[in-house]
Amino acid sequence: MLAPVRVRAARAMRVSYASIAPQAHTQPQQHSAPFSTTAATNSKLGRTALTIPQGVEVVVGEPVTTKIPTSYQPLVRRTVTVSGPLGKLEMHIPSFLQISQDAERKQALVSVANDKERKQREMWGTTWSYLQRNIMGVSEGHTAVLRLTGIGYRAVVEHRPHKAEFPGQKFLCMKLGYTHPIEMGIPQGVTVTTPTLTRVLIEGIDRELIMSFAGKIRKWRPPEPYKGKGVYINDQTIKLKQKKIK
């Protein structure tokens, strides 16, 4: 008596599967949409013309092939020299970037060979920013102001002839709560003054060098979030936390 029941059950399962299987094959295939569908656009900074102040000269060299120790492929790049009343700076740009100048309007325009390529679009605005910083550096200069916040924190500029790496080098001597004073050699091309005991003024034409030196000073005593003590760069602020109550 059990055999016919099993046969009927097996037939019913085959019929139900046959009725469901075609529906599974007839379902439309779903294609996943890409994460971003934004169309590629040109760099807004790169398309903006750079103003060259009076007394500033921008010279673009010829492409030169150089070898990089970390890569087997040679790198072709140009050297851009920006000279002005305060000094001279050099920067290297890839060969696909072009810098054209308008002598009458005193402007410079940065362009790329193929604006459809992602790497060239990325370097377009970056090169524009570096060139603008160099032009401003040799004409007006860059500055960074450090604020020393804390009881007993102070800084002075002194000479250390036995530690100098080059003739005339000065050292920034700071007391930042350690058992010993912190002495940092001032890099060449950077001028450091202390208008007050808790203010440090860093000046120079190379903004990257200035901010790098300011970051090294701040590393000795970063601002802490409970009392706010530490070294602050320019208009830097932090959000203070509430004190822990036991």
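Start with the largest pocket, which holds about 250 Å³ of space. A pocket here is an open set of points on a 1 Å grid over the protein atoms alone, with protein on both sides within 12 Å along at least five of seven lines, and lining residues have an atom within 4 Å of a point. Grid points are joined across faces, edges and corners, and the volume is the space filled by probe spheres set on the points.

Before you click further: this is a predicted model, where local features need pLDDT of at least 70 and side-chain atom pairs count only at pLDDT 80 or more, while totals for chains, interfaces and linings use all residues. Residues are numbered from 1 along each chain as its sequence is written, and side-chain values use heavy atoms, with hydrogens and water left out.

Now select Glu-90, Met-91, Tyr-130, Asn-134 and Glu-208, the closest to the pocket centre of the 17 lining residues. Colour strand S5 (87-94), helix H3 (118-139) and helix H4 (207-220) next, as these elements each give two or more residues to the lining. Helices (H or I, at least four residues) and strands (E, at least two) are DSSP runs, numbered from the N terminus. By class, this lining has seven nonpolar, five polar and five charged residues. For that tally, Ala, Val, Leu, Ile, Met, Phe, Trp, Tyr, Cys and Pro count as nonpolar, Asp, Glu, Lys and Arg as charged, and the others, Gly among them, as polar. Domain 1 (50-140) and domain 2 (142-233) both contribute to the lining, so the pocket lies between them; the domain bounds come from an automatic or database assignment.

Hop over to the second largest pocket, at about 200 Å³. Its lining includes Pro-74, His-92, Phe-96, Lys-119 and Met-123. Strand S4 (75-84), S5 and H3 each supply two or more residues here. The class count is seven nonpolar, two polar and two charged.

Next, show the open four-stranded sheet, in the order S12-S13-S8-S14 with antiparallel pairing. Two strands pair if DSSP finds at least two bridges between them. S12 (190-196) and S14 (230-233) are at the edges with a single partner strand each, so one side of each has no neighbour in the sheet. Zoom in on S8 (residues 142-149) and S13 (residues 199-204), an antiparallel pair with six bridges, where Arg-147 has Arg-199 in S13 as its bridge partner.

Then pick S9 (residues 154-159) and S10 (residues 170-175), also antiparallel over six bridges. Val-157 is bridged to Leu-172 in S10, and Leu-172 has Met-184 as its bridge partner in S11. S10 pairs with S11 (residues 182-185) over four antiparallel bridges. In the hairpin of S10 and S11, with six residues between the strands, select Gly-177, which takes a positive phi near 90°.

Most residues other than glycine have a negative phi. Lys-106, though, has a positive phi near 60°, and lies in the loop between S6 (97-102) and S7 (107-112). Asn-234, in the segment after S14, has a positive phi of about 55°. Both are partly exposed: Lys-106 has a relative accessible area of 45% and Asn-234 is at 30%. Buried means under 20%, exposed over 50%, and partly exposed in between (1.4 Å probe, protein chains only).

Last stop: Gln-54, in the loop between S1 (50-51) and S2 (57-60), is exposed at 77%. Draw a C-alpha to C-alpha distance to Ser-139: Gln-54 and Ser-139 are 85 residues apart in sequence and 8.5 Å apart in space.

Methods:
1 Å grid on protein atoms, 1.4 Å probe; cavity = no way out; pocket = protein on both sides within 12 Å on 5 of 7 lines; lining within 4 Å.
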